[in-house]
Amino acid sequence: MNLYGILKSAHSGWRYIVLILLVVAVIQALAGWLGKKGYTEGNRKLNVFTLISAHIQLLIGLVLYFLSPFTKGPTSEAVYRYWKMEHIAIMIVAIVLITIGNSKSKKIANGVAKHKAVAIFFGIALILIIGSIFMMVKNDPSRTLFGIS
């Protein structure tokens, strides 16, 4: 297996770590916000681990972007346009939102307001990531929703 294949498998598998952490972080943040709970060290650690996992995914994805044959084709074809423009743009926006949400939560003193910031920013990022995964399956027939490719 070459470097591209290894990174592609790593990127495809790592998405589950990012998704699981992001879902748990959003659920915890919503519970804290709506339940008016304090912000704990456990909440902070979960948010930081989510942030780190998303940034690792971004770094692997950026290397793949420059190695992938899918970013070399014409943008007039859906599969190439998705990998060349849509996927990377959506994922960068999602990771920026995660970063902003984590940063805002550190600057806020009130625990409920911290949960609210995380819930909103991480929640929007989660919606974008899930939407992008569905777009991937639609635009690239070689990919499956839950398959590691």
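Which helices each supply at least two residues of the lining of the largest cavity? In this predicted model, the answer is H1, H2, H3 and H4, each of which supplies at least two residues of that lining. The protein contains four helices and zero strands, and from the N terminus on its elements run α-α-α-α.

**Overall layout**

- Taken along the principal axes, the C-alpha atoms of the protein fill a box of roughly 50 × 30 × 25 Å.
- The protein has 149 residues, and buried residues make up 40% of them.
- Among the contacts in the protein with a separation of 6 or more, 72% are accounted for by residues 24 or more positions apart.

**Spans annotated in UniProt**

- An unreviewed UniProt entry places the feature "transmembrane region" at residues 13-34, 46-67, 87-105 and 117-137.
- In the model, residues 13-34 form a span that is 100% helix and 0% strand, with end C-alpha atoms that lie 32 Å apart.
- Residues 46-67 likewise form a span that is 100% helix and 0% strand, and the end C-alpha atoms of this span lie 32 Å apart.

**The largest nonpolar core**

- The largest nonpolar core has 27 residues, and those with the most contacts inside it are Leu 22, Ile 98, Phe 122 and Ile 129.
- The elements that give two or more residues to this core are helix H1 (3-34), helix H2 (41-67), helix H3 (78-107) and helix H4 (111-139), and H4 gives the most, with nine residues.
- Ile 129, one of the residues with the most contacts inside the core, is in contact with Leu 19, Leu 22, Met 91 and Ala 94 when its neighbours within four places in sequence are left aside.

**The largest cavity**

- The model holds two cavities of 30 Å³ or more, and about 560 Å³ of space lies in the largest cavity.
- Of the 30 residues that line the largest cavity, the closest to its centre are His 11, Gln 57, Gly 61, Trp 83 and His 87.
- By class, the lining of the largest cavity is made up of 18 nonpolar, nine polar and three charged residues.

**The second largest cavity**

- About 30 Å³ of space lies in the second largest cavity, which is lined by Ala 25, Gln 28, Ala 29, Tyr 39, Asn 43, Asn 47, His 115 and Val 118.
- H1, H2 and H4 each supply at least two residues of this second lining, and H1 gives the most to it, with three residues.
- By class, the lining of the second largest cavity has four nonpolar, four polar and no charged residues.

**Thr 50, in helix H2**

- Thr 50 lies in helix H2 and has a relative accessible area of 0%, so it counts as buried.
- Not counting residues up to four places away in sequence, Thr 50 touches Leu 21, Leu 22, Ala 25 and Phe 122; of these partners, Leu 22 and Phe 122 are among the residues with the most contacts inside the largest nonpolar core, while Ala 25 is one of the residues that line the second largest cavity.
- The C-alpha atoms of Thr 50 and Val 96, which are 46 residues apart along the chain, are separated by 13 Å.

**Met 136, in helix H4**

- Met 136 is found in helix H4, and because its relative accessible area is 6%, Met 136 counts as buried.
- Not counting residues up to four places away in sequence, Met 136 touches Arg 15, Tyr 82, Trp 83, Arg 143 and Thr 144; Trp 83 is also one of the lining residues closest to the centre of the largest cavity.
- The C-alpha atoms of Met 136 and Glu 86 are separated by 9.4 Å, although these two residues are 50 residues apart along the chain.

**Lys 36, in the loop between H1 and H2**

- Lys 36 is found in the loop between H1 and H2, and with a relative accessible area of 67% this residue is exposed, because exposed means over 50%.
- Although Lys 36 is not a glycine, it has a positive phi of about 50 degrees.

Note on methods:
Residues numbered from 1 in each chain as written. Predicted model: local features only at pLDDT ≥ 70, side-chain atom pairs only at ≥ 80, totals over all residues. Heavy atoms only, no water. Core = buried A, V, L, I, M, F, W, Y, C linked by side-chain atoms within 4.5 Å. Buried < 20%, exposed > 50% of the residue type's maximum accessible area, 1.4 Å probe, protein only. Contact = heavy atoms within 4.5 Å. UniProt positions renumbered as here; feature names shortened; annotations may be inferred. 1 Å grid on protein atoms, 1.4 Å probe; cavity = no way out; pocket = protein on both sides within 12 Å on 5 of 7 lines; lining within 4 Å. Points joined across faces, edges and corners; volume = space filled by probe spheres on them. Nonpolar A, V, L, I, M, F, W, Y, C, P; charged D, E, K, R; others polar.
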